[in-house]
Amino acid sequence: MNTQFRKGVIEMCILALIDKKDMYGYEIVQAISRHTDINEGTVYPILRRLTMENYFSTYLVESRGGPARKYYRISPAGKLYLQQMVQEWSETTQTVESILRGE
Amino acid sequence: MTKLEYLKLLETDLQKRLSQYETDEIIRDYAEYFAEGASQGKTEEEMINNLGDPAVVAAQLVEETLSTREEVPAAPVPTPKKGRSPWVTVLLVLLGICLLPVALMVAGGLLFAAAVVIGCGIFLVGMAVAGVLLGILGLGAIFMYIAVLPPAAIAACITGCIAIVAAGVLVFCLSLQVVKLIWKLLCWCWAKLYTAITKKPWPAPVSQPEVQPNLPQSFEAEEGENNA
């Protein structure tokens, strides 16, 4: 699959996951990689960009016997962006499905 | 490759393109990943495999970080193209807010100048009236005392009256000088203010323009007649 397209889909999945509850990096990576065969290292760059674009805010939570966990929380701008992405996604899949069905 | 080697490779690649702060931040995230994975019972080898080639990861991190950096300043540019009028309005409002103190300052200055001029005028008129009254009083006194008093007293009186009149005239002239001085000060202040705001020197003192326009006008008039 096209990497740019893949990146967009992963971005939407990350937003959708964090929209449900605040999550820390490793948790997000596991949730994504459970369903796909992506390199886990590529989740962090996307997380980082979405944070820099103010779709997420982050906060550190001390964890026992290890470095603090960086939690990601979705911002109102992030929620709006996710909404737009989901909207576009459903429109695109509908179009693609109708083409595939030969309508 | 060990976890530390992986992090070191990542760090070296990131440092080439990103700031130390950004690099540290990213390395912290990956160190957290390794710590979490270890607590889940994963081996370093396994985690390094899952993360993928550090060069690829670093390239992606640099790309994503730089892309947001470019987007941030670029974002405000397309917006004015779509709807220019609201931005112009905002700009005008901002300009208005910026100019408000200047306007207030000028208004305040003008009010102050007016107050000073009016005050001086009242002072001047008051002094003139006082001088004249003193003069009348002095003269009146001369005529009043001639009939009653001995010559010596009259002489003293006359001297006193002249002194009073002289004092009146003196005060009148002095007040004129004070008004002139204040006027000069106001002109000087205005010139300074004008130069400070417009960066241009304020043209000749106020008294000169009254004289100058007459000359060119008469020349023009003569020329006009000659041409005709």
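User: How many helices and strands are there in chain B?
Analyst: Chain B has nine helices and zero strands. From the N terminus, its elements read α-α-α-α-α-α-α-α-α. Bear in mind that this is a predicted model.

User: And what pattern does chain A follow along the sequence?
Analyst: Chain A goes α-β-α-α-β-β-α, which comes to four helices and three strands.

User: What share of each chain is made up of buried residues?
Analyst: In chain A, 42% of the 103 residues are buried. For chain B, the share is 19% of 228 residues. A residue goes into that group when its relative accessible area is under 20%.

User: How do you know that the span of helix α1 of chain A agrees with what it should be?
Analyst: Helix α1 covers residues 3-20 of chain A, 18 residues in total. Buried residues in α1(A) include Lys7(A), Ile10(A), Glu11(A) and Leu15(A).

User: Let's go to the interface. What do chain B and chain A bury between them?
Analyst: About 2,200 Å², with 51% of that on carbon and sulfur atoms. On the contact side, 26 residues of chain B touch 24 residues of chain A. There are six salt bridges between the two chains, and 14 residue pairs are in polar contact across the interface. Chain B's elements giving two or more residues to this side are α2, α3 (44-51) and α4 (54-74). The largest share comes from α2(B), with twelve residues.

User: What makes Arg48(A) and Glu25(B) a salt bridge?
Analyst: Their side chains come to 2.9 Å, N to O. The cut-off is 4 Å between a Lys or Arg nitrogen and an Asp or Glu carboxyl oxygen, so the pair qualifies. The bridge crosses between chains, from helix α3 (residues 43-52) of chain A to helix α2 (residues 20-39) of chain B.

User: Are those two partners buried or exposed, and why?
Analyst: Arg48(A) has a relative accessible area of 10%, so it is called buried. Glu25(B) has 25% and therefore counts as partly exposed, since that class runs between 20% and 50%.

User: Which Lys forms a salt bridge with Asp29(B)?
Analyst: That would be Lys70(A), with the closest N and O atoms 3.0 Å apart. Asp29(B) also meets Arg28(B) in a salt bridge, at 3.5 Å, N to O.

User: Why is Asp29(B) called buried?
Analyst: Its relative accessibility is 7%, which is under the 20% limit, so it counts as buried. Arg28(B), at 25%, is partly exposed.

User: How do you know that Glu32(B) forms a salt bridge with Arg28(B)?
Analyst: The closest N and O atoms are 2.4 Å apart, so the pair is within the 4 Å limit. Both residues lie in helix α2 of chain B, four residues apart, or about one turn of the helix. Glu32(B) is buried at 2% relative accessible area.

User: What makes Glu36(B) count as buried, and what does it contact?
Analyst: Glu36(B) has a relative accessibility of 4%, so it falls under the 20% limit and is buried. It sits in helix α2 of chain B. Beyond neighbours within four places in sequence, Glu36(B) contacts Tyr24(A), Tyr26(A) and Arg69(A). Its side chain also makes a polar contact with the side chain of Arg69(A), at 2.6 Å.

Conventions: Residues are numbered from 1 along each chain as its sequence is written. Chains are lettered from A and ligands numbered from 1 in the order in which they are written. This is a predicted model: local features need pLDDT of at least 70, side-chain atom pairs count only at pLDDT 80 or more; totals for chains, interfaces and linings use all residues. Side-chain values use heavy atoms; hydrogens and water are left out. Buried means under 20% relative accessible area, exposed over 50%, partly exposed in between (1.4 Å probe, protein chains only). The expected span of a helix is 1.5 Å times one less than its number of residues. A polar contact is a pair of N or O atoms within 3.5 Å; within protein, one must be able to donate a hydrogen and the other to accept it, and residues adjacent in sequence count only if both atoms are side-chain atoms. Contact means heavy atoms within 4.5 Å. Buried area is the accessible area (1.4 Å probe) that two parts lose on being put together, summed over both.
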